[in-house]
Amino acid sequence: MLSVALRKPDDAPLRVLCLGAHCDDIEIGCGGTVLKLLETYKRVAVDWIVFSSDGQRANEARESASIFLKEAGSSNVVIKNFANSFFPYIGSEIKRYFEELKRNVSPDLVFTHYRNDLHQDHRLISELAWNSFRDHMILEYEIPKYDGDLASPNSFVHLDEVIAQRKIAYIMENFRSQRAKQWFDEQTFLAILRLRGVESNAPGKYAEGFYCRKTVLA
């Protein structure tokens, strides 16, 4: 397996854009990778955008983002309140926000949802991410769910056990409103990290998987 690194010195500025349809999506999909980037690079600026929320979940999302991003050089956390589960029907409103976003943000790396995710909100955010940031490096993350839409990622970020456990602890600590859901537990989150670790021969046993549609090897 070929290892490819970002062409950035450890002390060079790195701007990362994280997009999530719902309040825990970014953390579940790429939280470990964000923690690893913040550990590796000293000057990381993160734009963290959540598109759907309500009162309680918005508060949880802000608390979670502050913990995940505490080592960031700078961060901009935006919690929107577009109607949950209705994204395809209000797509023009969300598209207008993306137009505003791309005028103000030029990221080195974009995290968004998997294009073939079976949740309609997730798919729309992925589609608009590609519309707006097509000349940027985009990694699509995955979310485990009842629909059973996990596929075969083609890109992996290896995580050591400390980061894997930190990711899971932060998710469980911050999203208290989700704990009653049968899939929302430590075993689910650890299982997918371990599976992707097996698939990528991770030395620390754990990994997050991503779908990379386009990349240039130089």
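Student: Which side chain does the side chain of Arg196 make a polar contact with?

Tutor: In this predicted model, the side chain of Arg196 makes a polar contact with the side chain of Glu142, at 2.7 Å.

Student: And where does Arg196 lie?

Tutor: Arg196 lies in helix α6.

Student: Is Arg196 buried or exposed?

Tutor: Arg196 has a relative accessibility of 2%, so it counts as buried. The cut-off for buried is under 20%.

Student: What else is Arg196 in contact with, leaving aside its neighbours within four places in sequence?

Tutor: Besides Glu142, the contacts of Arg196 include Leu150, Ala151, Pro153 and Phe156. Ala207, Glu208, Gly209 and Tyr211 are also in contact with Arg196.

Student: Which residue forms a salt bridge with Arg196?

Tutor: Glu199 does, and the closest N and O atoms of the pair are 2.8 Å apart. Both residues lie in helix α6, three residues apart, which is about one turn of the helix.

Student: Why do residues three or four places apart point the same way in an α-helix?

Tutor: An α-helix has 3.6 residues a turn, so residues with that spacing point the same way.

Student: And Glu199, is it buried or partly exposed?

Tutor: Glu199 counts as partly exposed, because its relative accessibility is 37%.

Student: How many salt bridges does the count come to?

Tutor: The count comes to twelve salt bridges. One of them joins Asp47 and Arg15, whose closest N and O atoms are 2.7 Å apart. That pair links distant parts of the chain, with Asp47 in strand β2 (residues 43–50) and Arg15 in strand β1 (residues 13–20), 32 residues apart.

Student: How do Asp47 and Arg15 count in terms of accessibility?

Tutor: Asp47 counts as buried because its relative accessibility is 3%. Arg15 has a relative accessibility of 29%, so it counts as partly exposed.

Student: What about Arg213, which side chain does it meet in a salt bridge?

Tutor: The side chain of Arg213 meets that of Glu140, at 2.9 Å from N to O. Arg213 lies in the segment after β7 and Glu140 in strand β5 (residues 137–141), so the pair ties together parts that are 73 residues apart in sequence. Glu140 has a relative accessibility of 0% and therefore counts as buried, while Arg213, at 32%, counts as partly exposed.

Student: Which residues are linked in a network of salt bridges?

Tutor: Lys95, Glu99 and Lys102 are linked in such a network.

Student: New topic: cavities. How many of 30 Å³ or more does the structure hold?

Tutor: The structure holds one cavity of 30 Å³ or more. The largest cavity has a volume of about 70 Å³. Among the residues that line it are Arg196, Glu142, Lys167, Ala207, Glu208 and Gly209. The elements that give two or more residues to this lining are α1, α6 and β7.

Student: And what is the volume of the largest pocket?

Tutor: The largest pocket has a volume of about 1,400 Å³. It is lined by 36 residues, and the closest to its centre are Val4, Ala5, Leu6, Met137 and Thr215. The elements that give two or more residues to its lining are α1, β4 (109–113), β5 and β6.

Student: Lys167 came up in the cavity lining. Which residues of α5 are buried?

Tutor: Lys167 is one of them. What covers the buried residues of α5 includes α1 (25–40), α2 (55–68), β6 (155–159), α6 (186–199) and β7 (206–210).

Student: How far apart are the end C-alpha atoms of helix α5?

Tutor: They are 20 Å apart, which agrees with the span of 20 Å that its 14 residues (161–174) should have at 1.5 Å a residue. At the start of α5, a side-chain oxygen of Asp160 reaches to within 3.2 Å of the backbone nitrogen of Val162.

Student: Last one: which residue in the loop between α6 and β7 has a positive phi although it is not a glycine?

Tutor: Asn201 has a positive phi, of about 55 degrees, and lies in that loop. Asn201 is exposed, because its relative accessible area is 66%. Ser85 also has a positive phi, of about 75 degrees, although it is not a glycine. Ser85 is found in the loop between β3 (74–79) and α3 (91–104). Its relative accessible area is 29%, so Ser85 is partly exposed.

Terms used
Residues are numbered from 1 along each chain as its sequence is written. This is a predicted model: local features need pLDDT of at least 70, side-chain atom pairs count only at pLDDT 80 or more; totals for chains, interfaces and linings use all residues. Side-chain values use heavy atoms; hydrogens and water are left out. Helices (H or I, at least four residues) and strands (E, at least two) are DSSP runs, numbered from the N terminus. The expected span of a helix is 1.5 Å times one less than its number of residues. Buried means under 20% relative accessible area, exposed over 50%, partly exposed in between (1.4 Å probe, protein chains only). Contact means heavy atoms within 4.5 Å. A polar contact is a pair of N or O atoms within 3.5 Å; within protein, one must be able to donate a hydrogen and the other to accept it, and residues adjacent in sequence count only if both atoms are side-chain atoms. A salt bridge is a side-chain nitrogen of Lys or Arg within 4 Å of a carboxyl oxygen of Asp or Glu. On a 1 Å grid over the protein atoms alone, a cavity is a set of points where a 1.4 Å probe fits but cannot get out, and a pocket is an open set with protein on both sides within 12 Å along at least five of seven lines; lining residues have an atom within 4 Å of a point. Grid points are joined across faces, edges and corners, and a volume is the space filled by probe spheres set on the points.
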